[in-house]
Amino acid sequence: SSSNRRKMKYLTLIYYDTFARFFSEIEDAVKQLEPSADFQHMAIFPSGHLYMLSHGRKSKLLACEIKKPSISKTVTSEADLEKIAKYHATVGARYGDTYLAALRDRAQNYVNYWKDVIDSYDPDVVIFSGDTRIAAESLQYYLSATTHRAKRYFFEQGPNGTTIFDTKGVNANCSFRKQASSLTGIGYTPEPAIKSEKFKRNPVYRGIDYALTAALRALGKLPPEWDSMSLGSYPKSKYSACVQHGRDNNPKSAQEILVALQVPDDANNIHHNPLNLGDLDLVTLVTKASEDTGLTVRVREHPLYRRRYTTGLYENLSVSKQALLSDSSLDNDLKNAALVVTVNSMTGLDAYFRKIPVITLGNSFYDHLPGIVRVNDPEDLSDTIKTLVQAGLSKCLGNINPASVFAEMRENHFLSGHYLDKDLSAAASAIASILTKGETCHPEKV
């Protein structure tokens, strides 16, 4: 093929050392098939950059690169700059208007920088980590605006120890979202989630990120792409009282409605949440819509973000007669759930596997699976909840088995293996054969 005659060039966009480790493995796997391949890694965080350099890879640290005077000047519309910076504008809303203006300038600097890179390096393939945030969005914008020939791929961790590697995007932007509605699971055996051994991370890399972030924040020079939402912690004593109120007040109804909250500053919550529901909005909406069912509404935080949601949410749950804050395991929360309501949390997919009806109020890669109910208009929520609580999932599913449906989705759209696994060879070699053969999805199953 022509690729053997010409040196193929790969441009990658990575975040942390964990990504760098996975992308190093991908680079090696590609070079086994294509020894002349050239990789240029672009790191958003120092940890990713330092990992790459210490493992002999070509890497650049974007925060430093875009400070250099750019050769190129591009003209990007205000609307496009706002779109490129949207994630950071939401995360940094607390900083006010001067910050938003600075973000637009930064977005413009990024577009100028990518023009320099793409014009000089001229990659054949660009591999993105995720598809949102300023570096990825500015690069996509420039490639599209110039209709550049590079093939684009997007990497994201998938559910149950899998990897998503897609040509369109990740989460709700993936290419297979709509096709999911035609899955039946017929002829597929549900696979148990494989618990692979995770690799032991060297904490120094990420430690450097935290140290630099703290130092630059103190100097007022923190790059926006290193910033995160400032999430306070709700006081422990008040939090315990909130959980206790729910316990005391819970009329142990056999069945409950489970509301699964998102990671507050997750891209899914910012880009794929068309009703713009915050944590309290979501809980209030569901509580009101399910009044007539007489069921308790149990609110589940993301386990890594306990006590990190808004004060308003905890205050509301500390006095509510109908809703309560859960401190249980996922298994326990799902055991009594007659229904799960979420914007697009993975808990929705966990519930689906257990044949529990799910309502999603936002966009996700799984919202077209047969049996998942999407509600676009809050006015329809109450009727939908009533119907599902009475009918159960069988009404939506007929005789389809969700675990088999997912097995079919996994077989056709996901790769086996996860970027934090100790052994990356399966996922990396699957990606290498996609890259070198130019396939859109899976390498042919042998």
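What is the order of the strands in the open sheet of six strands? The views below answer this and describe other parts of the model.

This is a predicted model, in which local features need pLDDT of at least 70 and side-chain atom pairs count only at pLDDT 80 or more, while totals for chains, interfaces and linings use all residues. Residues are numbered from 1 along each chain as its sequence is written, and side-chain values use heavy atoms, with hydrogens and water left out.

**View 1. The open sheet of six strands.** The order is β9-β8-β7-β10-β11-β12, with parallel pairing. Strands (E, at least two residues) and helices (H or I, at least four) are DSSP runs, numbered from the N terminus; two strands pair if DSSP finds at least two bridges between them. β9 and β12 (372-374) stand at the edges with a single partner strand each, so one side of each has no neighbour in the sheet. From one strand to the next, the twist averages 25°. Five bridges link β7 and β10 in the parallel sense, and E256 stands opposite A337 in β10.

**View 2. Helix α12 (residues 279-289) on the sheet.** α12 lies across β7, β8, β9 and β10, and runs at about 160° to β7. Such angles run from 0 to 180 degrees between N-to-C directions, with axes taken as lines fitted to C-alpha atoms, for helices over the stretch in contact. The buried residues of α12 include D279, L282, V283 and L285. Buried means under 20% relative accessible area, exposed over 50%, and partly exposed in between (1.4 Å probe, protein chains only). Among the elements that cover the buried residues of α12 are β7 (256-260), α13 (311-319) and α16 (381-391).

**View 3. R300 in strand β8 (residues 296-300).** R300 is found in this strand and is buried, with a relative accessible area of 8%. The side chains of R300 and D333 are joined by a polar contact of 3.0 Å. A polar contact is a pair of N or O atoms within 3.5 Å; within protein, one must be able to donate a hydrogen and the other to accept it, and residues adjacent in sequence count only if both atoms are side-chain atoms. Leaving out residues up to four places away in sequence, R300 touches residues including L258, R306, S328 and D333. Contact means heavy atoms within 4.5 Å.

View 4. Five of the five residues of β6 are buried, so the strand is largely enclosed by the rest of the structure. T162, I164 and D166 lie on one side, and T163 and F165 on the other. In a regular strand the side chains alternate between the two faces of the sheet. Strand β5 (residues 151-157) runs antiparallel to β6, joined by four bridges. The two form a hairpin with four residues between them, and N160 in the turn has a positive phi of about 55°. β6 also pairs with strand β13 (residues 415-416) in the antiparallel sense, where the bridge partner of T162 is S416.

**View 5. Helix α2 (residues 17-33) and F22.** Of the 17 residues of α2, 12 are buried, so the helix is largely enclosed by the rest of the structure. F22 is one of these buried residues. In the largest nonpolar core, of 67 residues, F22 is one of those that touch the most other members. A nonpolar core is a set of buried Ala, Val, Leu, Ile, Met, Phe, Trp, Tyr and Cys residues joined through side-chain atoms within 4.5 Å.
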